[in-house]
Amino acid sequence: MAVLPVLRMGDPLLLARASEIRDFDTPELHQLIQDMLDTMEANNGAGLAAPQIGISLRLVVFGFENNPRYPDASSVPKTILLNPIITALDDTIENGWEGCLSVPGMRGLVPRYCNIEYSGFDPFGKSIKVTASGFHARVVQHECDHLDGILYPQRIPDLTHFGYIEELLESGQLTALPCDD
Ligand code: NI
């Protein structure tokens, strides 16, 4: 079990495009994935991308069971996804509150596609193709943005809907606490 430090916004590595993974099913890859899962769970995150722990590879993990702390978020299947590609299935866009372990203590209102298909590979090189909607689709889009050097504050069209959790809750902008991606 290794819980690693999470890079925070301002670190240039979070703004870099991560590299494709070419070698599947290696001991180093499995160790990296275990460290990412440990780090995500220790921080109660909904997802984590490899660049957030300083590894510039196209690898994300996400997923959680129904959690009473996040009543508005339905469960998302635990997934390890390498070299992901996202396709929007239609033009429907929905605003939702997001947080990020690399932007601690803050939340912002971000538009995302409602309905997507994502594809990629599992750690053994087997291909994955899944359709997702709602919060599941949001988490995948947030995590995959990390692989292109994009943090969610860069996606907020109206920065009056961006702030510290306590103040957003107090002002009533935020009613429930969504999890950190
Ligand atoms: Ni994030």
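Tyr164 (Y164) is found in strand β8, which spans residues 162–164. The model is a predicted one. In it, five strands form an open antiparallel sheet, and three strands form another open sheet, also with antiparallel pairing. The largest nonpolar core has 18 residues, and apart from it lies another core, of 15 residues.

**Y164 and its surroundings**

- Y164 has a relative accessible area of 51%, and it counts as exposed because that value is over the 50% cut-off.
- Leaving aside neighbours within four places in sequence, Y164 is in contact with G105 and M106.
- L57 lies 107 residues from Y164 along the chain, and the C-alpha atoms of L57 and Y164 are separated by 30 Å.

**The three-stranded sheet**

- The strand order in this open sheet is β4-β5-β8, and the pairing is antiparallel.
- β4 (93–98) and β8 are the edge strands, each pairing on one side only.
- From one strand to the next, the twist averages 25°.
- β4 and strand β5 (residues 106–113) run antiparallel and are joined by six bridges.
- Opposite E94 stands R112, a residue of β5.
- Helix α2 packs on this sheet and touches β4 and β5. The direction of α2 makes about 105° with that of β5.

**The five-stranded sheet**

- The strand order here is β1-β2-β3-β6-β7, in an open sheet with antiparallel pairing.
- β1 (47–49) and β7 are its edge strands, and each of them pairs on one side only.
- The twist in this sheet averages 40° from one strand to the next.
- β2 and β3 pair over five bridges in the antiparallel sense, and F64 stands opposite V76 of β3.
- β3 and β6 also run antiparallel, with five bridges joining them; the bridge partner of L82 is F121 in β6.
- Between β6 and β7, which run antiparallel, there are seven bridges, and N115 has S133 of β7 as its bridge partner.
- Helix α1 packs on the sheet, where it touches β1, β2 and β3. The direction of α1 makes about 40° with that of β2.
- Helix α2 packs on the sheet as well, touching β1, β2, β3, β6 and β7. The direction of α2 makes about 155° with that of β2.

**Nonpolar cores**

**T79 in strand β3**

- T79 lies in strand β3.
- The relative accessibility of T79 is 11%; this is under the 20% cut-off, so T79 counts as buried.
- The side chain of T79 reaches the backbone oxygen of P77 at 2.9 Å.
- Leaving aside neighbours within four places in sequence, T79 is in contact with V60, V61, F62 and Y118.

- N83 is not a glycine, yet its phi is positive, at about 50°. N83 is placed in strand β3.
- N83 counts as buried because its relative accessibility, 11%, is under 20%.
- D25, another residue other than glycine, has a positive phi near 55°. D25 is found in the segment before α1 (27–42).
- D25 has a relative accessible area of 42%; this value lies between the 20% and 50% cut-offs, so D25 counts as partly exposed.

Notes: Residues are numbered from 1 along each chain as its sequence is written. This is a predicted model: local features need pLDDT of at least 70, side-chain atom pairs count only at pLDDT 80 or more; totals for chains, interfaces and linings use all residues. Side-chain values use heavy atoms; hydrogens and water are left out. Helices (H or I, at least four residues) and strands (E, at least two) are DSSP runs, numbered from the N terminus. Buried means under 20% relative accessible area, exposed over 50%, partly exposed in between (1.4 Å probe, protein chains only). Contact means heavy atoms within 4.5 Å. A nonpolar core is a set of buried Ala, Val, Leu, Ile, Met, Phe, Trp, Tyr and Cys residues joined through side-chain atoms within 4.5 Å. Two strands pair if DSSP finds at least two bridges between them. Axes are lines fitted to C-alpha atoms, for helices over the stretch in contact, and angles run from 0 to 180 degrees between N-to-C directions. A polar contact is a pair of N or O atoms within 3.5 Å; within protein, one must be able to donate a hydrogen and the other to accept it, and residues adjacent in sequence count only if both atoms are side-chain atoms.
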